[in-house]
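Here are a few exercises to work through with the model open beside you. Try each task before you read its solution.

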Amino acid sequence: MEVLTKAIIDARTWQSAQAIADGEHQSTCPKTTHSARVADLSVDAQGALICRVDAAWRADCEHAGLGWSFFNAEDQIVNQGSKSQNFVSSALMGEALAVREALDSALELGLVTLHLESDSKLLIDTIRSTNFAH
C-alpha cells in the first residue's frame, strides 16, 4: 500500500510539472514550477517532517521533472512542489536536483529538521557517505 501511495503521489507531482500553465502551450521540454502550501506543519515524534523526493529524466532533451512532498506526523501532505529543469545530464543528477529543490523549500518553510526519502539508493548512499566537514 505504501509503494502504491508513493507511486500515485509521484505521478501527480509529475503531472503538475507537465501541466500547461495559464493556457499557454508547452514545448517538448517544458519548464514549469508549482508549489502548494498548507497550514498544518505538525511534525513527527522526532520533530521533523518527512520529505519524499523523486525525479523523471528525459535523455533525448536532457530535461528532468523534479518533485517533492512534505508529510506531517499523520502522513498528510502539508507542502509540495515540482519543477522542470533543463540541461540535466543523468537520472542521478535529476534526483540530486530534486533533493536540492526540496531542501530549498524546507529552508523557505523555516524547517531545521527533516527526514528525507528517495527511491535512488545510489544518491542516498552517496549523501550518507560524504564527509561534509571542511
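Buried means under 20% relative accessible area, exposed over 50%, and partly exposed in between (1.4 Å probe, protein chains only). Helices (H or I, at least four residues) and strands (E, at least two) are DSSP runs, numbered from the N terminus. The model is predicted, so local features need pLDDT of at least 70 and side-chain atom pairs count only at pLDDT 80 or more, while totals for chains, interfaces and linings use all residues. Residues are numbered from 1 along each chain as its sequence is written, and side-chain values use heavy atoms, with hydrogens and water left out.

**Exercise 1.** Work out why β3 counts as largely enclosed.

Solution. Start with burial: nine of the nine residues of β3 are buried, so the rest of the structure largely encloses this strand.

**Exercise 2.** Find the strand partners of β3.

Solution. Strands pair if DSSP finds at least two bridges between them. First, β2 runs antiparallel to β3, joined by nine bridges, and Arg 58 sits opposite His 63. Their hairpin has four residues between the strands, and Glu 62 in the turn has a positive phi of about 45°. Next, β4 (residues 77–86) also pairs with β3 in the antiparallel sense, over nine bridges. Here Leu 66 faces Lys 83.
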